[in-house]
Amino acid sequence: MSAPLLVRALRGEPVQRPPVWFMRQAGRSLPEYRSLRHGRSLLQLARIPELTAEATMQPVRRHGVDAAILFSDIVVPLAGVGIELEIRPGVGPVIAAPIRTAADVRRLRPLCPEEDLPEVGEAVGLLCAELDVPLIGFAGGPFTLASYLIEGGPSKTQAATKAMMLGQPALFGELLGRLAGIAAASLHAQVKAGAAAVQVFESWIGFLSRAQYERHVAGPTRALCQELARLGVPRILFGVGTGHLLEAMAETGPDALGLDWRTSITHARERLGPGIALQGNLDPAALLAPWPAIEREARAVLSDAPATGYVFNLGHGVLPDTPPEIPGRLVELVHEQALDAIT
Ligand code: CP3
């Protein structure tokens, strides 16, 4: 049996058409998700394997995407190691006691998925038995997780995070090392249970200059990529606003880079060469425009994309106000355009 389309595309092997999936395809844009979530917090939902599996499958059924992504959140493993946190609707993750001192950092213990988060492995097992598309496992990148832990919640400036990074680089490095270890353990468990590819969401990395990235974040990211290489599945590294970081991110060793809408795929391919696959990058806001505009934007992305080593996606997650029928229409468009190209 040949590997799934997504896996072949991420490995840069020849494919008849690009696979398509959407970051944040599960969740608030779907009415069936809102009923499933009713009366429960996201963190509760993510710890009940049957419900996690259902939330993961909803977008696969509705949109016909070529891959599922595990329903969870990047902060779930942090809750697993005992960090007190909540995900506040309309806000994001909020940490009860932000990490600021060396003692705080040293209290952050390693994740033991079998004991701390047995439900995740169970959910992945249930999904792999039912899905006929590959399942993508995911984790937060070390910088993005550190940012939530240090800031105590979402931040528009990352000021406290940068202050620790620049003022206490050794402590910051230790924190990132511990977080990379937590991400690796979580992804290891997801792949062991059946995930066919992994994505590291390093969403807020675009806040750093290239020199800052290279000095403070590339090392722990490279260590994470090397650790994940042993899992034998393709590894995608994604960040927002990373046009100035692409070479530095590629040098950390992932199989694919996820691009946001600001960077053209052709330009990224010219800079990075064909040795790394690319994923992206339709502006998620386009999905709120009338269909002819969406179609035009999606065709522009497809015509910018290489024939191999490419996965169609958005440049960031599906926005909550996206009409629920639109992602499915987009999937059809990507699938049809490929047929047009062949016939
Ligand atoms: O992609 C998927 O469909 C899988 C599920 C998924 C969620 N979060 C569920 C979720 C994934 C992959 C994530 C990743 C995640 N979480 C990231 C990286 C991706 C990105 O968008 O950059 C980040 C930064 C977080 C942290 C987080 N969690 C934020 C910023 C929010 C939004 C807060 C808000 O209400 O505006 C969350 C909450 C969250 N995670 C929701 C979902 C479906 C929505 C709220 C809910 O149902 O309670």
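A charge counts as sitting over a ring if NZ of Lys or CZ of Arg is within 6 Å of the ring centre and within 35 degrees of the ring normal. That's the arrangement for R329, which lies over the face of W291 at 4.2 Å from the ring centre. Keep in mind that this is a predicted model. Beyond that pairing, here's a quick look at some aromatic rings and at a serine in contact with one of them.

**Aromatic rings**
- Searching the whole structure turns up 4 aromatic pairs.
- One of them is F138 with F201: the ring centres are 5.5 Å apart and the planes sit at 90°, so this pair is edge-to-face.
- The F138–F201 pair ties together distant parts of the chain, since F138 is in strand β4 (residues 135-140) and F201 is in strand β5 (residues 197-201), 63 residues apart.
- F201 also pairs with F238, with centres 6.0 Å apart and planes at 75°, so that pair is edge-to-face too.
- Here again distant parts of the chain are linked: F201 in β5 and F238 in strand β6 (residues 235-238) are 37 residues apart.
- Put together, F138, F201 and F238 make up one aromatic cluster.

**How buried the cluster is**
- F138 has a relative accessible area of 9%, so it's buried.
- F201 comes in at 10%, so it's buried as well, and F238 is also buried.

**Around S72**
- You'll find S72 in the loop between β1 (68-69) and α5 (76-80).
- S72 is buried, because its relative accessible area is 16%, under the 20% cut-off.
- Setting aside neighbours within four places in sequence, S72 touches L42, A46 and F138.
- The C-alpha atoms of S72 and A139 are 9.2 Å apart, although 67 residues separate them along the chain.

Terms used
Residues numbered from 1 in each chain as written. Predicted model: local features only at pLDDT ≥ 70, side-chain atom pairs only at ≥ 80, totals over all residues. Heavy atoms only, no water. Helix = DSSP H or I, 4+ residues; strand = E, 2+ residues; numbered from the N terminus. Buried < 20%, exposed > 50% of the residue type's maximum accessible area, 1.4 Å probe, protein only. Contact = heavy atoms within 4.5 Å. Phe/Tyr/Trp six-rings, centres within 6.5 Å; stacked < 30°, edge-to-face > 60°.
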